[in-house]
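Dear colleague,

Please find the structure below, handed over for your own work. The notes that follow it set out what was found.

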Amino acid sequence: MLGINIIMSQNKLYLGIDTSAYKTSIAIIDDVGKVVCDLRKLLDVKKGSRGLRQQEAVFQHLNNLPDLFEKAREIIDYSNIINVVASTRPRNVEGSYMPVFNVSKVQAQIISSLLDVPIINCSHQDGHIGAALLGCNKLAVKDFLLFHISGGTTELLNVHRVKPFEFKVKVIGGTKDISCGQLIDRIGVKMGLEFPSGIELEKLAMDGVIIPEKLPQNIDKTWINYSGAETYFYKLIDKSYKASNIARSVLYVVAKTLSSSVLNAIKDNSGIKSIIFAGGVASNIYIRDLIKEDLSDKLEVYFPDIKYCSDNAVGNAYLGYMRDLY
């Protein structure tokens with residue numbers, strides 16, 4: 001559980017709620033844009049498992065939220081909340097739905113009714129965009145590329161900021177099969193690491209070297225396929241290749257394919273000058289360094305502070321703050 005800038009505030013406050021596939025989060029920003037509360041709890045995943053069923057995640061969110069709100073009550077006065085912003089769907093496209101986000105939606109409705117304040121529904125992806133803008137200190141940027149790279153999503157987005165708190169998003173690339181986060185987690189679990197495996201795999205990779213043979217990088221323009229890489233690394237694990245070398249090579253493949261997708265994208269989006277990376281995979285230092293090396297002479301490349309990469313509600317609270325400000 002994470003708490004940031006824990007202070008008692010009597011200013012106007014903006015509450016964000018996010019109940020994603022693997023984390024329960026609430027956050028509060030005050031009326032000068034400062035994060036005064038950032039509380040998160042990772043959902044429990046059985047060792048050896050590659051994830052949670054949605055009903056299991058919903059149950060854990062319902063149990064986690066009362067504890068998080070009780071801790072928040074020690075920090076702020078709920079009567080100062082001006083609005084509440086909840087993630088109610090994964091993305092802003094028709095048919096985008098996951099049961100876990102109903103927990104955020106219902107909780108926000110209850111708070112909205114009790115406090116008589118507006119409720120703002122956003123997507124989980126909008127929250128990541130908001131957190132990335134805040135975490136990169138790029139609050140005024142209007143048009144940019146954003147690569148959302150996480151356990152469930154790998155999407156390259158062309159983002160136009162319609163309003164300070166509203167985005168028009170077009171998907172221009174990403175993956176056609178599994179996400180880069182799923183590749184990392186599946187290889188990690190196959191190697192006996194905990195799920196999610198990103199942090200452990202990154203630590204393991206520090207002692208490894210890239211496997212000296214042609215690694216699978218299946219990419220068509222801006223679209224990536226990782227299932228071939230998954231099969232390739234499974235075979236190396238079965239052949240008892242050195243674990244640290246496999247870990248390093250997996251992260252290398254992820255970084256290089258993401259860079260290639262971006263380089264291909266800017267050929268058709270020449271007016272774009274900057275790209276922001278968001279989502280849990282963007283916290284990986286090795287992947288960050290390789291991508292910066294590949295792209296920095298072509299674009300302004302931004303990665304948020306690591307604490308704003310993984311699932312959080314700070315981006316939601318930020319959107320609520322911007323909504324009230326403008």
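I begin with a contact between two helices: Leu 201, Glu 202, Leu 204 and Ala 205 in H5 meet Ala 243, Ser 244, Ala 247, Arg 248, Val 250 and Leu 251 in H7, where contact means heavy atoms within 4.5 Å. By class, this contact of H5 with H7 has seven nonpolar, one polar and two charged residues. Here Ala, Val, Leu, Ile, Met, Phe, Trp, Tyr, Cys and Pro count as nonpolar, Asp, Glu, Lys and Arg as charged, and the others, Gly among them, as polar.

Please note that this is a predicted model, in which local features need pLDDT of at least 70 and side-chain atom pairs count only at pLDDT 80 or more, while totals for chains, interfaces and linings use all residues. Residues are numbered from 1 along each chain as its sequence is written, and side-chain values use heavy atoms, with hydrogens and water left out.

Helix packing

Helices (H or I, at least four residues) and strands (E, at least two) are DSSP runs, numbered from the N terminus. The axis of helix H5 (residues 198–205) comes within 7 Å of the axis of helix H7 (residues 243–265), and the two cross at roughly 115°. Axes are lines fitted to C-alpha atoms, for helices over the stretch in contact, and angles run from 0 to 180 degrees between N-to-C directions. H5 and H7 are therefore roughly perpendicular to each other; angles under 35 degrees count as roughly parallel, over 145 as roughly antiparallel, 65 to 115 as roughly perpendicular and the rest as oblique. The crossing of H5 and H7 is left-handed, a term used if the near helix is turned anticlockwise from the far one by less than a right angle, with right-handed used if clockwise.

For helix H3 (residues 124–136) and helix H9 (residues 314–325), the axes come within 7 Å and cross at roughly 80°. H3 and H9 are therefore roughly perpendicular to each other. On the H3 side, Asp 126, Gly 127, Gly 130, Ala 131 and Leu 134 meet Val 314, Gly 315, Asn 316, Tyr 318 and Leu 319 of H9. This contact of H3 with H9 has five nonpolar, four polar and one charged residues.

Salt bridges

Side chains of opposite charge can pair when their charged atoms come close. A search of the whole structure finds eleven salt bridges, each being a side-chain nitrogen of Lys or Arg within 4 Å of a carboxyl oxygen of Asp or Glu. One of them joins Glu 70 and Arg 73, at 2.6 Å from N to O. Both residues lie in helix H1 (residues 54–73), three residues apart, about one turn of the helix. Glu 70 is partly exposed, at 38% relative accessibility; buried means under 20% relative accessible area, exposed over 50%, and partly exposed in between (1.4 Å probe, protein chains only).

Another salt bridge links the side chains of Glu 56 and Arg 53 (3.6 Å, N to O). Glu 56 is partly exposed at 31%, and Arg 53 is exposed at 51%. Asp 297 and Lys 298 also form a salt bridge, with their closest N and O atoms 3.3 Å apart. Asp 297 is exposed at 60%, and Lys 298 is partly exposed at 49%.

Two buried residues

Ala 282 lies in the loop between strand S11 (274–278) and helix H8 (285–295), and is buried at 1% relative accessibility. Its C-alpha atom is separated by 6.4 Å from that of Ile 149, 133 residues apart along the chain. Leaving aside neighbours within four places in sequence, Ala 282 is in contact with Ile 149, Phe 277, Arg 288, Phe 303 and Cys 309.

Ser 112, in helix H2 (residues 100–115), is buried at 12%. With neighbours within four places in sequence again left aside, Ser 112 contacts Val 84, Val 117, Pro 118 and Ile 119.

Backbone geometry

Most residues other than glycine have a negative phi, and most peptide bonds are trans. A cis peptide bond joins Phe 195 and Pro 196, with omega about -5°; Pro 196 is in the loop between helix H4 (180–190) and H5. Asn 137, not a glycine, has a positive phi of about 55°. This residue is in the loop between H3 and strand S6 (143–149), and is exposed at 63%. Lys 221 has a positive phi of about 60° and lies in the loop between strand S9 (218–220) and strand S10 (223–225). Lys 221 is exposed at 65%.

With kind regards
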